[in-house]
Amino acid sequence: MSNIREIYTKAIVAKGKKLSKNTYSLTLCHIPNEILGCWITNHHYEATIKNRVPKVIGTFDVHIWYSYMDEMESMVEKHQVTYIDDMQVTKKEDREFEAADQVKARCLEKPKCLSASHNEKDVAIEIEKEMQIEISGETCIKVEVKTEEEVWDDLEDIQINPHFIK
């Protein structure tokens, strides 16, 4: 005789990842002659679901090193950039996301500057990053329960030799 039982547990119900390339426009204090370097630090992010759409919301600092005044001076400026990425996910179950679902984000590829160009005081930087998102929620697992006896059910008759290990 067998029974089917339902066990409710938390499991990953959807996941996805996104490689994004975005161009951001920043305004510098001086008119640059040349962009000497660009790097990204302090990347922070969190995952959420808003209007039934999984999102990664984050910030990072962009450091731009440039020369100005006919290349007589140079300067590094820091600008904070905020982003919101809508994430496409593959669902393992056909259900809507719920408030009790847990959403986790992971950075697979840190933000990096691909290119930087300038026009007067404005600098256009192209940033690439890759993010992953996992959504865990309550789901149901169906298991078959068998009621037949197992071999270990007969372990009560075992004799133990106290002198076996000495």
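User: Of the contacts in the protein between residues at least 6 apart in sequence, how many join residues at least 24 apart?
Analyst: 75% of them do. A contact here means heavy atoms within 4.5 Å.

User: And what kind of model is this?
Analyst: It's a predicted one: local features need pLDDT of at least 70 and side-chain atom pairs count only at pLDDT 80 or more, while totals for chains, interfaces and linings use all residues. Residues are numbered from 1 along each chain as its sequence is written, and side-chain values use heavy atoms, with hydrogens and water left out.

User: How many helices and strands are there?
Analyst: The protein has 0 helices and 7 strands, giving the pattern β-β-β-β-β-β-β along the sequence. Both types are DSSP runs numbered from the N terminus: helices are H or I with at least four residues, strands are E with at least two.

User: What's the radius of gyration, next to that of a compact globule?
Analyst: The protein has 28 Å, whereas a compact globule of 166 residues would be near 15 Å. That's taken over C-alpha atoms, and the globule rule is 2.2 Å times the number of residues to the power 0.38. The C-alpha trace spans about 95 × 55 × 20 Å along its principal axes.

User: What part of the protein is buried?
Analyst: 31% of the 166 residues. Buried is under 20% relative accessible area, exposed is over 50%, and partly exposed sits in between (1.4 Å probe, protein chains only).

User: OK, new topic: Lys78. Where is Lys78?
Analyst: In strand S4, which runs over residues 73-86.

User: Is Lys78 buried or exposed?
Analyst: Exposed, because its relative accessible area is 54%.

User: What does Lys78 touch?
Analyst: Asp61, Val62 and His63, leaving out residues up to four places away in sequence.

User: And how far is Lys78 from Lys121?
Analyst: They're 14 Å apart in space, C-alpha to C-alpha, and 43 residues apart in sequence.

User: Now His79, which is also in S4. Buried or exposed?
Analyst: His79 is buried, because its relative accessible area is 17%.

User: Which residues does His79 touch?
Analyst: Leu26, Thr27, Leu28, Phe60, Asp61, Val62 and Ile64, again not counting residues up to four places away in sequence.

User: What polar contact does the side chain of His79 make?
Analyst: One with the side chain of Glu77, at 3.0 Å. Polar contacts are pairs of N or O atoms within 3.5 Å; within protein, one must be able to donate a hydrogen and the other to accept it, and residues adjacent in sequence count only if both atoms are side-chain atoms.
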